[in-house]
Amino acid sequence: MKKRSVLIAGHPTSVSLEEEFWEALKAIAQARGTSVNAMIEEIDSTRTGNLSSAIRVFVLNAVQGRA
């Protein structure tokens with residue numbers, strides 16, 4: 001598990017994810033031509049629960065072709 005600092009709407013926060021999820025998130029962002037921070041902001045704007053969990057679900061859906 002790795003904790004990283006990210007900016008969401010100009011405010012710093014930290015997110016803890018397993019390294020595999022960070023790598024997948026970076027790959028998805030690169031494939032979509034956006035930054036990891038921008039993608040996390042998008043995930044944050046639609047989440048209903050914990051941000052780390054929302055990121056994991058986003059990555060899972062992207063890998064399964066649902067996002």
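**Close-up 1. Glutamate 23 and lysine 26 pair up in a salt bridge.** The closest N and O atoms of glutamate 23 and lysine 26 are 3.1 Å apart; a salt bridge here is a side-chain nitrogen of Lys or Arg within 4 Å of a carboxyl oxygen of Asp or Glu. This is a predicted model, in which local features need pLDDT of at least 70, side-chain atom pairs count only at pLDDT 80 or more, and totals for chains, interfaces and linings use all residues. Residues are numbered from 1 along each chain as its sequence is written, and side-chain values use heavy atoms, with hydrogens and water left out. Both partners sit in helix 1, three residues apart, about one turn of the helix. Helices (H or I, at least four residues) and strands (E, at least two) are DSSP runs, numbered from the N terminus. Glutamate 23 is partly exposed at 39% relative accessibility, and lysine 26 is partly exposed at 35%; buried means under 20% relative accessible area, exposed over 50%, and partly exposed in between (1.4 Å probe, protein chains only).

**Close-up 2. Arginine 4 meets glutamate 19 in a salt bridge.** Their side chains come to 3.3 Å, N to O. This pair links distant parts of the chain, 15 residues apart: arginine 4 belongs to strand 1 (residues 2-8) and glutamate 19 to helix 1 (residues 19-32). Arginine 4 is partly exposed, with a relative accessible area of 22%, and glutamate 19 is partly exposed, with 31%.

**Close-up 3. Aspartate 44 and arginine 47 form a salt bridge.** Look for the 2.6 Å N to O distance between the two side chains. Arginine 47 has a relative accessible area of 35%, making this residue partly exposed. The structure holds four salt bridges, among them this one.
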